[in-house]
Amino acid sequence: MGTRASQGLLLLLHVLPMLRVASAGSLHNPGLSECFQVNGADYRGRQNHTGPREAGRPCLFWDQTQQHSYSSASDPQGRWGLGAHNFCRNPDGDVQPWCYVAETEEGIYWRYCDIPTCHMPGYLGCFVDSGAPPALSGPSGTSTKLTVQVCLRFCRMKGYQLAGVEAGYACFCGSESDLARGRPAPATDCDQICFGHPGQLCGGDGRLGIYEVSVGSCQGNWTAPQGVIYSPDFPDEYGPDRNCSWVLGPPGAALELTFRLFELADPRDRLELRDAASGSLLRVFDGALPPPPGPLRLRAAALLLTFRSDARGHAQGFALTYRGLQDAAEDRAPPKGSAQTPAALPDGTNVSCSPRPGAPEAAMGARVFSMVTAVSVLLLLLLLLSLLRVLRRRSCLLAPGKGPPALGPSRGSGRSWAVWYRRPRGVALPCPPGGPQAEGLASSYRPLSTSSQSSLRSLISAL
């Protein structure tokens, strides 16, 4: 991040709107969040000021910041979300989204964005910790390698519901009752970078950043109507040889999943979705086969999710939201009258498709085929009758040929007609042999051979 990163901690203390947040993003209310990474690197919202509701300073457009390290020109594929706009983004993996601003007299040319909706589900907000009594009353500890997940894992092992990080290196555990009497602090008060991860915030001076310990857990049984499932060790990268499973059983006859993040290291790291009742495999996703964008609806009352990583697995992982559907018919049902494409099947699978007996579509298809056949036969009969009528009038018969044109007509003895042909098609003209029309065609049509003309004479005479 260069010079910009070196000013990070100081700039957090500059004038920013103070927003008191009591519950920034419960795991059971994921619809309130626009971010699913702890540092907001996935933020794609439209806030274009350093404060909410157009408070703070306006952001500069990313296509007008070529003099700085990050601009739309440095992100041609749009991976970081930069472009011809001035919305807050986090292209360098900083602790939260930011943007460039008009340079001040102090030489400040960028600022963090205070985005109330950009708090990952499971982060409950920033709270005051005066120490007497402590904001979280459970066990605590310190570490020079503290990350958010290190503290979550510590409190999870101790059997507590909540984990709080403070001052970049301290971890506290607590319960829902502690949160009920806690005093919320402005979100920007939790501004200390975690000692163990430069892209994460671990509370502040006398301020606790509190999380639900289920974030990044390796197993769980989820029965809330909606919620979020994170890969193991989230928001840290998942480790090698992980074998984790979660059961989703919200009320309803089907489930809808939406993947907010999905980054696996390779095809050997995979996520399986099975029907929890039957054990049948419904979907498989891995590092080479990511899930489709948008909602994924599955006809199952409960799902078993299993994630496995190999011995080399290291990546950000995934975050998915789920919700129960009351009507199982919502399972990828196409609109009435629209075409439906069958789901892809494994290689080598033989598929046989046939209409149901008596289906309306099959009956209509048969009627259309019969009508087309009847019309075709009728047109063929009319063509044959026309040909017979021409032949009876002793017209000139011109048949297709492949060779170069002849110089003159071929005249038969005793009969007043001639036969000619030329590519690409034949032509019949009602004219006598040697007439002006036939002579005019001699330059572009060649005569049939003597044997062919003799066979045609016999055929015509028999008509």
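**Cores and pocket**

Mentor: The largest nonpolar core has 26 residues, and those with the most contacts inside it are Met 120, Cys 151, Cys 155, Tyr 211 and Tyr 230. A nonpolar core here is a set of buried Ala, Val, Leu, Ile, Met, Phe, Trp, Tyr and Cys residues joined through side-chain atoms within 4.5 Å, with buried meaning under 20% relative accessible area (1.4 Å probe, protein chains only). This is a predicted model, where local features need pLDDT of at least 70, side-chain atom pairs count only at pLDDT 80 or more, and totals for chains, interfaces and linings use all residues. Residues are numbered from 1 along each chain as its sequence is written, and side-chain values use heavy atoms, leaving out hydrogens and water.

Trainee: Which helix or strand gives the most to this core?
Mentor: H3 does, with 4 residues.

Trainee: And which domains does this core draw on?
Mentor: At least three residues come from each of domain 2 (123-212) and domain 3 (219-325).

Trainee: What other core is there?
Mentor: Another one, of 24 residues, lies apart from it, and includes Trp 222, Leu 257, Phe 285 and Leu 303.

Trainee: Switching topic: what lines the largest pocket?
Mentor: Its lining has 13 nonpolar, 12 polar and 8 charged residues.

Trainee: Which of them are closest to its centre?
Mentor: Gln 37, Ala 41, Asp 42, Leu 261 and Glu 263, out of 33 lining residues.

Trainee: Which strand gives the most to that lining?
Mentor: E13, with 6 residues.

How values were computed: Buried < 20%, exposed > 50% of the residue type's maximum accessible area, 1.4 Å probe, protein only. Helix = DSSP H or I, 4+ residues; strand = E, 2+ residues; numbered from the N terminus. Domains from an automatic or database assignment. 1 Å grid on protein atoms, 1.4 Å probe; cavity = no way out; pocket = protein on both sides within 12 Å on 5 of 7 lines; lining within 4 Å. Nonpolar A, V, L, I, M, F, W, Y, C, P; charged D, E, K, R; others polar.
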